[in-house]
Amino acid sequence: MPPSDLPSHFPTFAKIRKWLAEDGGVSRRLLWSACCAVVLILIVAAVFLTLAWRSRQDDTKRAQAYESLRLAQAAESNIAHLDAAYRAYLLTKQPLYFQRFVRHRTRVHQHLTTLLPMLTESAARDQVRTLNAHFREWLDQSALPEISALQSGRERVGRPQASATADDLRASASALVRSRAAVVEQAAVASDRQRALQTVGLVLLGGLGVTFLILTSRASYRIFRDHLRKAESALAQTHSIIATTLDGVLIVDDQGCIQSMNPSAEKMFGQPVEKMLGQNISLLIPQRLFFHDVASVGRATLTVMGQRQGYYPFPIEISLSELKVSGRRQFCAIIRDVTERKRGEETLKHIGLGVTAATGEEFVRSLLKQLSKALDHDRAFLVELGSEGDPRTMLTVAEKGELRASEPFDLQNTACAEVLAKGYRAHLAGVRVEFPEDPLLAEAEAEGFLGIPLADHRGVAIGVIGILDRQPLSDTGISESTLRIFAARAAAEVERKRSEEALAAEKERLAVTLRSIGDGCLTIDNEGRVLTLNPIAERLTGWSQDAAANKPLAEVLHLLDERTRRPCQHALQRIATSGTPDGITLPAVLVARDGTERLAESSSAPIRDRNGRKLGVVIVLRDVTERQKAEEERQKAEKLESLGVVAGGIAHDFNNILTTILGNISLALASNPEEQVATRLATARKAIGRAQELAGQLLTFAKGGSPVKQPTSIAQLIHDTVSYTLRDSRTRCHFQLPDSVWPVDADPGQLAQVINNLAINAEQAMPTGGSLHLTAENLELHTDSTSLGLRAGKWVRFSMQDEGAGIPEQYLKKIFDPYFTTKPKSSGLGLATAYSIVKNHSGVILAESRAGHGSVFTVCLPASEKKVQALTVKDAPVPVGNGRVLVLDDEEAICMLVTCALEPLGYEVTETQDALTAIGKYQEAMNSGRKYDLVISDLTIPGGMGGQEAIQRLRALDPSVRAIVSSGYANDPVMSRYEDFGFSGMIAKPYEIDALGRKVAEVLAQAAKPGVIFHDFERRSA
């Protein structure tokens, strides 16, 4: 079939070819441009997909490289921890380090097993295999045999040299980490390079696409500009013909069908001429029999209701006259829109209704309804800006006189925002084009907009009032004047409403403040009757707000003088009359409605208005019960601290004397004296033991280091101490000490002293015998306890309750004061010592007593998370040794005692009384090649360098020096943490020669510890 016959067989093809040939081939060019654009888009999409697929593959490889690096680093870290745990276990034999060793060994094996299949490079796989081989060789040939020998208690003989050491293992792990880090870095560099190439490619493709689109758009613009120029020329000719009248002109035939319409008629009715040609005039003037009646007359002028597009009626004045055209009967209708005239008449009526409406929220809504009716537009609206109480911007809309509920409104990018910024604004048409993001315009489908800002008396904008219409606006003169009248009245009402809301908010804030304040607040009137109570005042007085209302102040507020317990009635009367709290200067006892008593401070002030007239009185009550208790505890602690310096100095000198006496008695007893002399020496030895206990009590008050704490079973300690202390008394002990009681971190010796003092105190309270109940229990607090003075956490509480005569109330607050006692032969240090020890253990001790009902002492100590270690004591003879010992002590008698005690054991002793001499002798011994094996130093040297500074000097000369610190300050930080200060051991004064000999042998058996880090702990020197 020839090509010329195709159009006849394919009509669609013919239409397409005709379309392509129109307008000089413009359609062909447009179609070609569209095809090129589609092809370009497909190419860009293919490029994007290819790049995305390659990027995904690269991300997978990079993630795998990062994961291999992470596993290699984890293996290296675990190998380091494994080696540390292995060495620690060999040194300490602690099961904890063996468990760490096993755990890190398992982790290393897991990391290497996971890493090997992940690697693709043969070199990296060889590195992992080498590291795994070194790891297994080190375990099998070195670590595990050493551990096995240590656990079996035997020494390994002739240990073979391992082919892989711990250093080789760590070196292999580090090499693996470095190689994986290099791979990761290469992957990152390659990824950056690929991203750069992708970015350049995409930019080039994008630039090509944008250039192509610009060229095609320019060609299309030229084509449509030519067509637009032709249409504008024809439209201008038509306008010049029909622009002779401002009224609408319609030509209709004798049947009422429209033959022509001028633009004014189109604008008036909102109907295009093309649509109305041939249509009956009843579509525009739907009044029944209108055309029939006028046509029968031939000429008439009357006012009827026209109808715009969308069935919107409006008043018109129509003049109809008959004419003949080419022998045909036709009619010419000249139509004038009288909407503005009618609206003006209605506006005057609605203005009168609007400005005379009632005030309040209802007024604003009524005003908006009248505005909607007065201007006869589609919608009237009011936008109210937010205030301090409610920052939201609210919108209220009236549509054809019907109000909608107010709703929040966002002013950003809206016509109302322009009104607030520039004042009155009128957009006769196209307002949605200018403000496309305005939700109010979009929802109303508005074309016309009028808006006026609302301002308060200061000129500050508080809102916007305006109208909207779906049709373009024409004459806005009447609408503007009407809006200004309504705006003035609306602004005044909105401002008044805001003032009322601000006043209500202020009242609410005052009420909330009164309810939230931490002190109790009462208000009374001028007659002294209660008006209000806040919740704190309700809790303190026991009266509720409703129950206390209109009650006399003296009936609600019961205040007693703290010292005389007399009611403060006269002071309350002065408060009610003058508003000043004269007569209640100190904390008074506040008695609640249920009889509960609390200490409270009170203050009051008159309430006055602006003219200074007294309206009432406000009374503020502050509960100071807990503060009073805290102040008493602080004063008690200050008393103990003030005795600390004196007690520490006395105890230190006392211990030095006791050391000399006790050491010489020990030497005398060791010399096998006669029986009578031995008996007296033994008696003197017991007396020194009692003096040593007194020195220990004095040291409790001295400021220094913390007690030497260890996990201790409080139940076992109570049972053993009380059973021993009261073994020969007539007191019957009843123990309730369950095994489930948690251990505590405590110094067993000091804590036993607390228990011993409390037990003796209970025994003395029951001279004829009685029962002593001892209980212990666990206490877990989820919140801080104000009554016990404990913070949240786990505590152990034990109590001692006796059946004695009790403690008088006037003495109960003084029993923990130093030297306070009611017993003629007591020192007054027992309970004070207990208080100080418990305080140093971060605990609390409380006493409760009622006359004739005995006393209860309660001690609360923090629970320990550690387990109690079983201790065994073995008696062994003093070991004989050899070595050179340097003694530093300002007491010559103590130096002589040490010499007499150590020389019989085989030691060579050198005595010095000051630190500089000791340092000089130690340096001379080092230079001569016969350095001292041990230094025994006193901690405190009056008027000279002490033992702490001396050992630092010696450490600088000889990092491996071994030293024992000896002092009467048993609680000094250096004594409790001697290793932190460079010492190898500690012995507290006074001591016996056997204890000194064992301590010297123990320290000399230790290995030297060079490189000690010294800590600067703050402590008080005597």
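Two residues are in contact when heavy atoms lie within 4.5 Å. Among contacts in the chain between residues at least 6 apart in sequence, 62% join residues at least 24 apart. The structure is a predicted model, in which local features need pLDDT of at least 70 and side-chain atom pairs count only at pLDDT 80 or more, while totals for chains, interfaces and linings use all residues. Residues are numbered from 1 along each chain as its sequence is written, and side-chain values use heavy atoms, with hydrogens and water left out.

The chain holds 30 helices and 30 strands; these are DSSP runs numbered from the N terminus, helices being H or I with at least four residues and strands E with at least two. Of its 1022 residues, 40% count as buried, that is, under 20% relative accessible area with a 1.4 Å probe and protein chains only.

Strands of a sheet pair through backbone hydrogen bonds, either parallel or antiparallel. Strand β15 is joined to β16 (residues 588–591) by 3 bridges, and the two run antiparallel. Leu560 has Val589 in β16 as its bridge partner.

Two packed helices are described by the angle between their axes and the distance between the axes. Axes are lines fitted to C-alpha atoms, for helices over the stretch in contact, and angles run from 0 to 180 degrees between N-to-C directions. Helices α27 (residues 915–927) and α28 (residues 947–957) have axes that come within 10 Å and cross at roughly 15 degrees. The two are therefore roughly parallel to each other, a term for angles under 35 degrees. In this contact, residues of α27 including Leu916, Ile919 and Tyr922 meet Ala950, Arg953, Leu954 and Leu957 of α28. The contact residues divide into 8 nonpolar, 1 polar and 1 charged; Ala, Val, Leu, Ile, Met, Phe, Trp, Tyr, Cys and Pro count as nonpolar, Asp, Glu, Lys and Arg as charged, and the others, Gly among them, as polar.

Helices α23 (residues 748–765) and α25 (residues 830–840) pack at about 145 degrees, with their axes 9 Å apart. Their contact involves, among others, Leu751, Val754 and Leu758 of α23 and Leu831, Ala834 and Ile837 of α25.

Note on methods:
Pairing = 2+ DSSP bridges. Parallel < 35°, antiparallel > 145°, perpendicular 65-115°, else oblique. Buried < 20%, exposed > 50% of the residue type's maximum accessible area, 1.4 Å probe, protein only.
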